[in-house]
Amino acid sequence: MRINRYLRGCMKRLCLIFASCATMCAASAAPRTTPRRPLPALIPTPQRIEITGPHRIPLLNVKVRIDTTLDLPAEGYILETYRKGVRITARDERGAIWARQTLRQLADERGELVPSVRIVDWPAFAWRGFMHDTGRNFIPVDSLKRHLDLLSQYKINLFHWHLTDYPAWRIESRAFPQLNDPLYQRPGRDEGRFYTYGEIRDVIAYARRRGIRVVPEIDMPGHSAYFNAAFGFGMADPRGMRVLERALNEFFDEIPVEDAPYVHIGSDEVRIPNPTAFMRWADSVVRAAGRVPMVWDPGLPPTSDGTIRQVWSEAPGYVAANAEGRGPFVDSYMGYLNNYDPISFTPRMLLHAPCDRTAGDSLALGGILCLWNDTRAPSVDGIVRNSSLWSGLLPFAERLWHGGTVPEGTPTNPNLFPDPASPAGEVLREFEGRMEVHKRRFCAAGEPFCWWPNASLAWRVSEPAPFGTDTTELKWHSLYGGAIDVDAMLSTLGLARPDSAEVWAETVITVPRDTVILAQVGFEAPSRSNRISTGIGRRNAWEAGGEIWLNGSRIAPPVWREPGAYAFRFNTWARPEEELPYTPEQLFWTRPAVELRLRAGTNRIVVRSRKLFPAQHWIFAFIPHE
């Protein structure tokens, strides 16, 4: 698809206007510089940075020194350039690793020169983690290592390795080989695939060299259908507890305390007759091996004050209101990557206050960004692409490292975009500028990165009305961004969610001459967990009955390969439909873009978005890009 070369310049200057013709111009990222030379786009932003001169320093002489007396928090570092090279003074080994990652981003495209700077930097939160679910879909060691490289690049210091789930136990078991037997595992879910102890130690060592601690998770007593199939009884049964104790101690014997000082024992989404007794037993087994246990919250109640809670409830105020929530915890309630589209997840994460604080402390340890892949994955890249890992990880890394207050103008509903003219809108737009650079420079080597700058898009969106209502009778509201969550709009306005209805939306794109652009267009963002969806559009129709027009002409949908497929108005967990992998055309961010021909001057985009049944996630998306 050929695109007018002019687009590279004009897309950064696209003016998006309300129907009332009030003009809003898209701004590029504001440089953090003196007038002499702009700084490269750094993610995460260092705590303190000063340009010390106009020079560009060759990367021929990099001196690194560890100074444990350095007056900085753990993982802190000072990076200074001088005429002939770079000096790094770090509080610890991790600080030295992060300093080198910053240096890598500072370097020019050829990796030879860096600007004259002095950086004093440290993390706001001690735990900055990412979770991969390899229990549901096995991820080979080589792929895990590739992801660890990218996690380290953004100063993520914890890898939460979810090793068991309904389909399979992914840890070598010498005591109970049936745990690795494909006979007892879910068909089609990488039966018989597991990690040997040698591979687990190798991944842990690889991660450590990159500043990352591995926290293995053995989920119990729930999420364990394979266990019941293999033994004929559940984990909470006294016989199951004896099996588990032997299997756990085998793991502890093979994986030393220094390799895994924290062990996650799950405990969520299960009902058993003896929850307190089971949790007291599980806690004692983990602590007897010299480890600190972690659990999910909500989940079965832990029995030890030192147990670390991983809070996943998105209910507002859950941490503050939950009397059992006292004690150390990590934040996973900012949302799961697989529950949201990659366009709205970026501001959701960037404008989130981790642990409801500006910085961590002895109780608020930090956060873990989770990627669950409940549905059968088409491939490892498909897991990353379908939930757009990197467009969520980068704002997560920014927020957890840099900390600070949530900017004024942040929407009360995290699924809405801020007004571009507000402080929060300016923060988001500036970050998008840096993120676009990273997409091009650091994640272009085959990594799926389904995201495009979109924070400056301005819409007027109608309130819901029955299908076919005259648009002159509608009440309109201002919304922003490339993905409009209608459900979030209704919640913010205090309006009821109808079982079925439609909204209309308008925006204007202004360009100085005729040009061609691409755009991602969609009318639904189904979760990659429960799969509730209207499915792929029917022939010559967009999904969910949506419509879009450019200057009065209907924009035709793609020629679908599977028109009308994958329509599920029910939760697919533990049902045959869960075994159908997502294909690229089911998600608006993974399918090919639509080509749009814009004329010089103003171009009016009109959208009609429909809700067809109560459980549908009501959203529409329009993201112009190169």
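1. Glutamate 579 is buried in this predicted model, its relative accessible area being 18%. A residue counts as buried when that value is under 20%, so glutamate 579 falls within the class. Glutamate 579 sits in the loop that runs between strand S24 (553–554) and S25. Which residues does glutamate 579 contact, leaving aside its neighbours within four places in sequence? They are Arg186, Pro187, Arg189 and Arg376. As for proline 420, 159 residues away along the chain, its C-alpha atom and that of glutamate 579 are separated by 41 Å.

2. The mean pLDDT of the protein is 92, and 93% of its residues reach 70 or more. Over residues 1–36, however, pLDDT stays under 50. For that stretch the model has 91 contacts beyond four places in sequence, and a reader may wish to keep both values in view when looking at residues 1–36.

3. An open sheet is formed by 4 strands, in the order S20-S27-S22-S25, with antiparallel pairing. At its edges are strand S20 (483–485) and strand S25 (594–598), each of which pairs on one side only. From one strand to the next, the twist averages 25 degrees.

4. Which residue of S27 stands opposite glutamine 520? It is isoleucine 623. Helix H13 (residues 486–493) lies across S20 and S27, and the helix runs at about 45 degrees to S20.

5. Strand S5 pairs with strand S6 (residues 85–90) in the antiparallel sense, over 6 bridges. These two strands form a hairpin with 2 residues between them, and tyrosine 82 has glycine 85 in S6 as its bridge partner. Strand S5 is also joined to strand S7 (residues 113–121) by 4 bridges, again in an antiparallel arrangement. In that pairing, tyrosine 77 stands opposite aspartate 121 of S7.

6. Two packed helices are described by the angle between their axes and the distance between the axes. For helix H9 (residues 342–350) and helix H11 (residues 389–402), the angle is about 5 degrees and the axes are 8 Å apart. Angles under 35 degrees count as roughly parallel, and H9 is therefore roughly parallel to H11. On the H9 side, the contact is made by Pro342, Phe345, Thr346, Met349 and Leu350. On the H11 side, the contributors are Ser391, Gly392, Pro395, Phe396, Glu398, Arg399 and Leu400. The residues of this contact divide into 7 nonpolar, 3 polar and 2 charged.

7. The buried residues are Pro342, Ile343, Ser344, Phe345, Thr346, Pro347, Arg348, Met349 and Leu350. What covers them includes strand S17 (364–371), H11 and helix H12 (423–441), together with S20 and S27.

8. Two cis peptide bonds deserve a check in the viewer. One joins methionine 220 and proline 221, with omega about 0 degrees. Proline 221 lies in the loop between strand S12 (213–220) and helix H5 (225–231). Another joins aspartate 297 and proline 298, with omega about 10 degrees. Proline 298 is located in the loop between strand S14 (292–297) and strand S15 (308–311).

9. Positive phi values are found at two residues other than glycine. Lysine 155 has a phi of about 65 degrees; the residue is placed in the loop between helix H3 (141–153) and strand S9 (158–162). Is lysine 155 buried or exposed? With a relative accessible area of 2%, lysine 155 is buried. Serine 388 has a phi near 45 degrees and lies in the loop between helix H10 (380–386) and H11. Serine 388 is likewise buried, with a relative accessible area of 0%.

Notes: Residues are numbered from 1 along each chain as its sequence is written. This is a predicted model: local features need pLDDT of at least 70, side-chain atom pairs count only at pLDDT 80 or more; totals for chains, interfaces and linings use all residues. Side-chain values use heavy atoms; hydrogens and water are left out. Two strands pair if DSSP finds at least two bridges between them. Axes are lines fitted to C-alpha atoms, for helices over the stretch in contact, and angles run from 0 to 180 degrees between N-to-C directions. Contact means heavy atoms within 4.5 Å. Angles under 35 degrees count as roughly parallel, over 145 as roughly antiparallel, 65 to 115 as roughly perpendicular and the rest as oblique. Ala, Val, Leu, Ile, Met, Phe, Trp, Tyr, Cys and Pro count as nonpolar, Asp, Glu, Lys and Arg as charged, and the others, Gly among them, as polar. pLDDT is the predictor's confidence in each residue, from 0 to 100. Buried means under 20% relative accessible area, exposed over 50%, partly exposed in between (1.4 Å probe, protein chains only).
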